[in-house]
Amino acid sequence: FHVVCYEPIALSVTIGCIKTALSRSVSYSVGALSNVLNGAFNAAGITIGLSDVGEIDLSGSASIATADAALRSIVPVPYYSEGFGELRGQNAFLGNPTGADLQTLKLIADAAKLHAGASAGRYLWFFVPDDVPSRFSGVVPEIGDARGFVFKNFEGAIGGQTMADSYAILAHELGHALGLFHPDDDRIGNQLPNHLKASLGQPVTAEPATNTEPAINPTPRALDPKNVGLIMQRDPLNMMGYWPIFKEQTFLRKNQWDAVRAVASAI
Ligand SMILES: [Zn+2]
């Protein structure tokens, strides 16, 4: 374990729900989300002050409706969407996670921010399409960007997931918004110790709970090769990994604490 002495950092984060012609209202718990965010970032000496702007209604804007519609695309190849199974040739929300779709998301998020009149260090938005499944659970347009999204709220326990999983996704996205990469990212530098990163892609074994960490119970999805490649055997519940039960991903490690602090202290 690590014992560190950090100056406290207070970070202001805005949460809201973007309602457009093609996305729907979401009921979320600000208190529960605050607990998840603070549970993850307090270890780094960062306190998250969460302010809720509620639902931002952009459904009357023609330009936003056009942008919103552009986020629906035909998925051309087999693609697995958490909770929806394989998408093949279906309409899905977010066809391209790296190009024009991210520019569109930025445009919509900035319109919502302007509408809310909010001013915060980082913004987390529920933006849940009401007509098609989303290929992705959440996204930050680029590492360090102020705008984070979650596209699923898991109401109705799709795939056994619940709202708590959407809060865990937002914590993961806030990690990206504060400069963190995935464990397998070549840009990761010193964000994780070598012995953890070296355990990427190895099968995760069941482990009992310790006095500091919960038990690890690999599920069939956790053992699936497409997930295993992004999970560290030695730290499978790391918040920036791809553990398939999102709400079980709650940890950041010492080097990640330092990395998020470097960004958060400059906001
Ligand atoms: Zn991610």
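This is a predicted model: local features need pLDDT of at least 70, side-chain atom pairs count only at pLDDT 80 or more; totals for chains, interfaces and linings use all residues.

Colleague: OK, and which residues in α1 are buried?

Modeller: L33, S34, L37, N38, A40 and F41. Looking down the axis of α1, those buried residues fall within an arc of 160 degrees, so they line one face of the helix.

Colleague: Which exposed residues sit on the face turned away from that buried side?

Modeller: N35 and G39 are the exposed residues there.

Colleague: How does the span of α1 compare with what it should be?

Modeller: It agrees. Helix α1 (residues 30–41) has twelve residues, which at 1.5 Å a residue should span 16 Å, and its end C-alpha atoms are 16 Å apart.

Colleague: Now the packing. How many residues are in the largest nonpolar core, and which have the most contacts inside it?

Modeller: The largest nonpolar core has 39 residues, and F41, I46, F126 and L174 have the most contacts inside it. Two or more residues each come from β1, α1, β3, β8, α4 and α8.

Colleague: Which element gives the most?

Modeller: That's α4, with eight residues in this core. Apart from this core lies another one, of 23 residues, including I56, A120, Y123 and F127.

Colleague: Switching to the metal. What coordinates the zinc ion?

Modeller: Three histidines do, each through NE2: H172, H176 and H182, at 1.9 to 2.1 Å. Along the chain, the donors follow the spacing H-x3-H-x5-H.

Colleague: Where do H172 and H182 lie?

Modeller: H172 lies in helix α4 (residues 163–177), while H182 is in the loop between α4 and α5 (194–197), so the pair ties together parts that are ten residues apart in sequence.

Colleague: Are H172 and H182 buried or exposed?

Modeller: H172 is buried, and H182 is buried as well.

Colleague: Last topic, domains. What are the bounds?

Modeller: The domain assignment gives domain 1 as 9–180 + 252–264 and domain 2 as 183–245.

Colleague: What separates their centres, and how many residues are in contact?

Modeller: Taken over C-alpha atoms, the centres of domain 1 and domain 2 are 23 Å apart. For contacts, 19 residues of domain 1 touch 16 residues of domain 2.

Technical notes. Residues are numbered from 1 along each chain as its sequence is written. Side-chain values use heavy atoms; hydrogens and water are left out. Donors are N, O and S atoms within 2.8 Å of the metal (3.2 Å for Na, K and Ca); water is not among the atoms, so sites may look incomplete. Helices (H or I, at least four residues) and strands (E, at least two) are DSSP runs, numbered from the N terminus. Buried means under 20% relative accessible area, exposed over 50%, partly exposed in between (1.4 Å probe, protein chains only). The expected span of a helix is 1.5 Å times one less than its number of residues. The arc is that of the directions from the helix axis to the C-beta atoms. A nonpolar core is a set of buried Ala, Val, Leu, Ile, Met, Phe, Trp, Tyr and Cys residues joined through side-chain atoms within 4.5 Å. Domain bounds come from an automatic or database domain assignment. Contact means heavy atoms within 4.5 Å.
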